[in-house]
Amino acid sequence: MQIESLAKIFDTTEMSVKHPFSPEGFLFTYYPNENPSNVHYHDFLEIGYCESGAGLFIVDGEIIPFNGKCVSIIYEGQIHIAKSITPEKSLWHFLYIDLEKLFYKVDPVELKALKCTQYAFYTFPNIIHYQDDPALYHMVSEVMAECAACQENYLAVVRGLVFAVLVHHGRYMQHPHSRAGTAEKTFLLSELSELLSYISRHYTEDITIEDLCGVSNMSKSTLQRKMTAGIGYSPLQYVQRLRTSHAAVLLQDKSIPITEVATRSGYNSISSFNRCFINRFGVSPTQWQKNAN
């Protein structure tokens with residue numbers, strides 16, 4: 001099922017039991033730019049790995065900075081977008097998998113034991129950095145290498161590797177929570193998709209609540225209520241989180257002056273930048289940069 005208000009990009013060919021993933025026969029390379037088009041979601045599993053670069057991944061309203069090698073695991077229906085934040089775009093490879101078709105011979109009872117089949121009941125990371133889990137990085141890249149090479153019995157190999165990836169990622173899924181409100185939140189995210197896309201493209205510019213009301217065609221009170229219910233933050237709080245996340249990634253490069261980081265992250269004054277950054281992370285931008293690896 002596709003939510004009409006969300007853009008459907010990275011479209012793939014119709015997948016089948018014989019061809020349960022896409023692309024097949026080559027490694028898909030993607031460079032997220034600094035002004036991504038639209039938030040979107042898929043009717044299948046999306047896995048990927050980043051070789052280099054820095055940016056932000058936004059999944060179901062959660063802002064996730066990345067810098068360097070990492071993997072992404074996005075489940076069916078999760079609304080997301082990827083964005084580079086430096087002129088040198090990040091380098092990603094993605095693969096889309098129809099799990100039902102890939103595992104059509106697998107015992108359904110065994111499949112249901114995978115936490116990912118009920119991912120909405122859990123909290124988990126969608127982006128995992130190489131230094132935190134090199135094994136998962138290699139597992140994901142090996143899946144994609146097999147799909148690109150298509151050697152003898154590759155479907156059997158891919159089936160085993162993907163199952164291992166899902167079991168491994170399931171270890172991160174913790175603290176089952178009530179599903180109450182999940183459907184409502186999904187609806188709100190779809191309703192806010194145009195606004196979220198706008199914010200993801202323009203958060204480093206001057207944005208007012210009036211601008212956001214105009215884009216969303218909502219009153220201030222309605223927009224505040226729906227953003228808080230769907231994302232967990234008011235519109236301007238969400239803008240600030242994007243800006244501070246952007247800055248946190250840029251500060252990993254110790255050669256960039258603090259004043260430049262502030263400007264590139266959307267702040268017109270260093271005092272405002274310092275205040276917002278400290279409120280978010282508990283340390284000053286200068287201290288954050290000093291602590292960077």
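Where does Asp60 lie? Asp60 is in the loop between strand S4 (54-59) and strand S5 (62-67). The model is a predicted one.

**Backbone geometry**

- Asp60 is a residue other than glycine with a positive phi, near 50°.
- Asp60 counts as partly exposed because its relative accessibility is 23%.
- Asn153, also a residue other than glycine, has a positive phi near 60°.
- The loop that holds Asn153 runs between helix H3 (134-149) and helix H4 (154-170).
- Asn153 is exposed, and its relative accessible area is 55%.
- The peptide bond that joins Ser22 and Pro23 is cis, with omega at about 0°.
- Pro23 is placed in the loop between strand S1 (21-22) and strand S2 (29-30).

**Packing of H3 and H4**

- The axes of H3 and H4 are 9 Å apart, and the two helices pack at an angle of about 155°.
- Angles over 145 degrees count as roughly antiparallel, so H3 and H4 are roughly antiparallel to each other.
- H3 and H4 make a left-handed crossing.
- On the H3 side, the contact is made by Ala135, Leu136, Met139, Val140, Glu142, Val143, Glu146 and Cys147.
- On the H4 side, the contact is made by Tyr154, Val157, Val158, Leu161, Val162, Ala164, Val165 and His168.
- By class, the residues of this contact between H3 and H4 are 13 nonpolar, 1 polar and 2 charged.

**Nonpolar cores**

- In soluble globular proteins, nonpolar side chains tend to be buried together.
- The largest nonpolar core has 39 residues.
- Within this core, Leu196, Ile199, Leu223, Met227, Tyr238, Leu242 and Phe273 touch the most other members.
- Two or more residues of this core come from each of S4, helix H6 (193-202), helix H7 (209-216), helix H8 (220-230), helix H9 (235-250), helix H10 (258-264) and helix H11 (270-281).
- The element that gives the most to this core is H9, with 7 residues.
- Leaving out residues up to four places away in sequence, Phe273 touches Ala247, Ile258, Val261, Ala262, Tyr267 and Pro285.
- Another core, of 32 residues, lies apart from the largest one; its members include Val71, Ile97, Leu114 and Cys147.

Notes. Residues are numbered from 1 along each chain as its sequence is written. This is a predicted model: local features need pLDDT of at least 70, side-chain atom pairs count only at pLDDT 80 or more; totals for chains, interfaces and linings use all residues. Side-chain values use heavy atoms; hydrogens and water are left out. Helices (H or I, at least four residues) and strands (E, at least two) are DSSP runs, numbered from the N terminus. Buried means under 20% relative accessible area, exposed over 50%, partly exposed in between (1.4 Å probe, protein chains only). Axes are lines fitted to C-alpha atoms, for helices over the stretch in contact, and angles run from 0 to 180 degrees between N-to-C directions. Angles under 35 degrees count as roughly parallel, over 145 as roughly antiparallel, 65 to 115 as roughly perpendicular and the rest as oblique. A crossing is left-handed if the near helix is turned anticlockwise from the far one by less than a right angle, and right-handed if clockwise. Contact means heavy atoms within 4.5 Å. Ala, Val, Leu, Ile, Met, Phe, Trp, Tyr, Cys and Pro count as nonpolar, Asp, Glu, Lys and Arg as charged, and the others, Gly among them, as polar. A nonpolar core is a set of buried Ala, Val, Leu, Ile, Met, Phe, Trp, Tyr and Cys residues joined through side-chain atoms within 4.5 Å.
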